[in-house]
Amino acid sequence: MSTGNVELVKSVYTAMKAGNILSLFTKLSPDIRVWQTDELPWGGTYVGLMQAKTFFGKVSAHLTPEVTLERFIDSGDYVIGIGRTQGTTKDTGKPFDVPLLHLWEVRGGKVIGLQVFLENAPMLAALTAG
């Protein structure tokens, strides 16, 4: 079991929740790869720390999210976080409550990958005025 990897991922969530960007980025590999579907305004593939910062910045520009993790699955070099993201969209002010799955890849004590999956339809509805 890779409980150290689960603890690393949990510490990433703690840093994000606290807004501690310096702590967050010390846990990420310089070559980190972040992906989320292109269907969302912040979606795409981001490689490296600067692009990861761009990804998190785009999410923050569109949402005021609160991520709640209900479960972690330890799978060696991979850690799966299952939960929900809730909050409001900044452009429309609409609330959202969407299931999510984060697939983290860890190697050498650093996060080298993050894939973000969520239920797109309710998120897109919250992002749309009207």
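How many nonpolar, polar and charged residues are in the lining of the largest pocket? There are 20 nonpolar, eight polar and four charged residues. Here Ala, Val, Leu, Ile, Met, Phe, Trp, Tyr, Cys and Pro count as nonpolar, Asp, Glu, Lys and Arg as charged, and the others, Gly among them, as polar.

**Before you start**

This is a predicted model: local features need pLDDT of at least 70, side-chain atom pairs count only at pLDDT 80 or more, and totals for chains, interfaces and linings use all residues. Residues are numbered from 1 along each chain as its sequence is written, and side-chain values use heavy atoms, with hydrogens and water left out.

**Stop 1: the largest pocket**

Select Met16, Phe56, Val59, Pro65 and Val67. Of the 32 lining residues, these are the closest to the centre of the largest pocket. Its volume is about 760 Å³. A pocket is an open set of points on a 1 Å grid over the protein atoms alone, where a 1.4 Å probe fits, with protein on both sides within 12 Å along at least five of seven lines; lining residues have an atom within 4 Å of a point. The points are joined across faces, edges and corners, and the volume is the space filled by probe spheres set on them.

Now colour strand E3 (63–75). E3 gives the most to this lining, with seven residues.

**Stop 2: helix H1**

Move to H1 (3–18), which also gives two or more residues to the pocket lining.

Buried means under 20% relative accessible area, exposed over 50%, partly exposed in between (1.4 Å probe, protein chains only). Next comes Gly19, with a positive phi near 70°.

**Stop 3: Leu103**

Leu103 lies in strand E5 (residues 95–107). It is partly exposed, at 21%. Leaving aside neighbours within four places in sequence, its contacts (heavy atoms within 4.5 Å) include Tyr78, Ile80 and Phe117. Show Val79 too: its C-alpha is 6.0 Å from that of Leu103, though they are 24 residues apart along the chain.

**Stop 4: Thr37**

Finish in the loop between E1 and E2, at Thr37. Thr37 counts as buried because its relative accessibility is 17%. Beyond neighbours within four places in sequence, Thr37 is in contact with Gly43, Gly44 and Asn120.

Key: Helix = DSSP H or I, 4+ residues; strand = E, 2+ residues; numbered from the N terminus.
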